[in-house]
Amino acid sequence: MPLVVIGLSHHTSPVTVRERFAFAEARIPAALQLLRESGIVSEAVILSTCNRVEIYAATGLQPLKAFVELEGFLIKCADYRDPMTDEIYTLTEPHSMHHLFKVACGLDSMVLGETEILGQLKKAYELSLQHNHTSSILNKAFQKAFNVAKHIRTETAIQRGSVSVGSVAVELAEKIFSAVDNRQVMVIGAGDTSEKTARALLSRGARSIIVSNRSHERALALAAEMGGRAVQFDEWAGEFAKIDIVISSTAAPHYILDRAKLEPLMKLRKNRPLLLIDIAVPRDIEPEVNLLENVYLYNIDDLQAIAEDYLRQRKEEIARCEAIIVEKARALLEARGTIRVPGESRVILGT
Amino acid sequence: MAGLTDRNYFLMAVGLYGVSTLYSIFLLRKGFREDNRINYLLLLGAFGFHTFAMVKRGFNFQRCPINNLYEATLLIGWTIVVTYLVFGSFSRLRFLGAFASPILFAIGIFALMRGLDARGSQPVFTGGWSSLHKALILLAYGTFGLSSVAGLMYLRQEHDLKYRKLRAMLSLLPPIQRLEVVISHSLAAGFVLLTAGLGTSAVYLKKTRHVYFVGDAFVVYSILVWAIYGTLLLLHWRFAQRGRRFALGAIGSFAFVMLTFWGIYMISGIHNPIP
């Protein structure tokens, strides 16, 4: 009995279509029950995330017949009446197995190599398992997928590095400070990116946030939101002795921190390392401050360049990951004794 | 293999340290993205030859092989390689070998200089206090060697972070603040060992020569080294000298020791008496 996959994802359909096919978590057990009672499949897992809606199933029917029935099931569940072209894709073995493994590894994700999908896949599988909608075919396939994801995470660089400005800033902090927790963060200028970056640092355990903004009301609001405290804009330099990380994003047309101003402040800080993240355009911090010892300055272009480099490196790892996936899928199918002659197994169904 | 001497075995160990050093240059260029098992295995092999050389020498001369400068240098190198192999058993710390191997190679080349082992089996040091003194002093230098390894790692990572190199992010090197703590702690440990080593030498001198201090070149040199490391620690703890300068201090001080230790030792009347 082969593993088949039918679904739609960010590769084939826009969010306006995906959202209509999405299954709320509470609906999934009933949908699985209905699917099995229909006799189309003997085992099934429904994966519904913001980027994909997929059914992984083991079926005794001929794949083409099963796909027609499964597509009908999806459309019926979504009550979707608009015309469809090639939004829905279908896969049979070995490509269905490859696809499952790719999804588990984040290779099919919008953000290449992201790890959230693995948790979502585990959750979808566990839900199906709890309600007895899986048996040997899917159990083995999903367990193997989780193993392959772990293997690929440790053996390749597909999940290494951060691909957003906020997470790059966190990673930088982790390369400078022994631990990010207990670090004092100052946000100068309460912009959207600085807020996201500060939140990313807080999520990694940064001790507290000091917010300084030209509009003190905005500083107070953001500080309250993030559990920090606000200081008047002309008083932020007075806090420098305590802080470890500065995120600056004011709308000032000139530098608000230059070398002459920072040099005496570093003495007050007893030369502890200081990470300056300047995400303002025009820049807030004079580039020459990076020449000071124990000061590490990164502007928005630096952070962006690191994120892009990471992404490029992840893309370079795709071929390695795919080779591992093909090998692991082959081993699983051989062990099951159902390896098939690979042919055209991806079928686009349109209505 | 039966006809090989202990020096031949040590030579093989130094050869492997050399190969490991070359491989480390390759790793440095790659930026420590993966744990380097090959380097670990090279150093493990070198450790095998190094240990065998020491054991063979001990059996040949029927005594613990820490009796002259050659043997002392072997022990310093052995301390460093053992420490690395213990740390390197954790995959996240395996890259340390890339920094340890050049130092081990340099120590090995230094040890192989003929003058260090000129009198072969003739023990230069004797007695309980003397043994304790030399063990403490050698451990101190081994620890200073480790601080300079951490210093090299610090400079590498600090440079990459300053100049926004992606390899700073990709490397498995620890955060620079932690490296600074490692430098500081290993220097402090080395300083305590050196202080104790100098203290035992005073006891030894009192017992054998009825004086606490002899104006010997090597004794004066040891006090100078003690003062250098003491000043380094004082500047760090009391005057907030941190980061790059502190790492350079640890590396520079050890480089000074490496470059001068042998020469001063050779002219020391009490450590290297003319027969």
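## Basis of the model

Residues are numbered from 1 along each chain as its sequence is written, chains are lettered from A and ligands numbered from 1 in the order in which they are written. Because the model is predicted, local features need pLDDT of at least 70 and side-chain atom pairs count only at pLDDT 80 or more, while totals for chains, interfaces and linings use all residues.

## The two chains

Chain A has 12 helices and 11 strands. Helices (H or I, at least four residues) and strands (E, at least two) are DSSP runs, numbered from the N terminus. Of the 351 residues in chain A, 43% are buried; a buried residue has 20 or more other C-beta atoms within 10 Å of its own, an exposed one 12 or fewer, and a partly exposed one lies in between, with C-beta atoms placed from the backbone. Among contacts in chain A between residues at least 6 apart in sequence, 73% join residues at least 24 apart. Two residues are in contact if their C-beta atoms, placed from the backbone, lie within 7 Å.

Chain B contains nine helices and zero strands, and its pattern along the sequence is α-α-α-α-α-α-α-α-α. Buried residues are 44% of its 275 residues. For contacts in chain B with a separation of 6 or more, 80% are between residues 24 or more positions apart.

## The sheet of chain A

Chain A has an open sheet of six strands in the order E7-E6-E5-E8-E9-E10, with parallel pairing. Strands E7 (229–231) and E10 (295–299) are at the edges; each has a single partner strand, so one side of each has no neighbour in the sheet. From one strand to the next, the twist averages 20°. Two strands pair if DSSP finds at least two bridges between them. Strand E5 (residues 184–188) and strand E8 (residues 245–248) of chain A pair in the parallel sense over four bridges, and A:Met186 has A:Val246 in E8(A) as its bridge partner.

Two helices that lie on this sheet can be described. H7(A) lies across E8, E9 (274–278) and E10 of chain A, at about 165° to E9(A). Helix H9 (residues 216–226) of chain A touches E6 (208–212) and E7, and its direction makes about 170° with that of E6(A). Axes are lines fitted to C-alpha atoms, for helices over the stretch in contact, and angles run from 0 to 180 degrees between N-to-C directions.

## A helix pair in chain A

Helix H7 (residues 165–176) and helix H11 (residues 300–316) of chain A pack at about 95°, with axes 9 Å apart. H7(A) is therefore roughly perpendicular to H11(A), a term for angles of 65 to 115 degrees. A:Val165, A:Val168 and A:Ala169 of H7(A) meet A:Leu303, A:Gln304, A:Ile306 and A:Ala307 of H11(A). These residues divide into six nonpolar, one polar and no charged. Ala, Val, Leu, Ile, Met, Phe, Trp, Tyr, Cys and Pro count as nonpolar, Asp, Glu, Lys and Arg as charged, and the others, Gly among them, as polar.

## A:Lys328

A:Lys328 is in helix H12 (residues 318–336) of chain A. It counts as partly exposed because it has 19 C-beta neighbours inside 10 Å. Leaving aside neighbours within four places in sequence, A:Lys328 is in contact with A:Phe101, A:Lys144 and A:Val148. The C-alpha atoms of A:Lys328 and A:His98 are separated by 8.8 Å, although the two residues are 230 residues apart along the chain.

## Contact between the chains

In the contact between the chains, 18 residues of chain B meet 20 residues of chain A. On the chain B side, the elements that give two or more residues are H5 (128–162), H6 (166–170), H7 (176–209) and H9 (243–267) of chain B. That side has nine nonpolar, two polar and seven charged residues.

Key. Angles under 35 degrees count as roughly parallel, over 145 as roughly antiparallel, 65 to 115 as roughly perpendicular and the rest as oblique.
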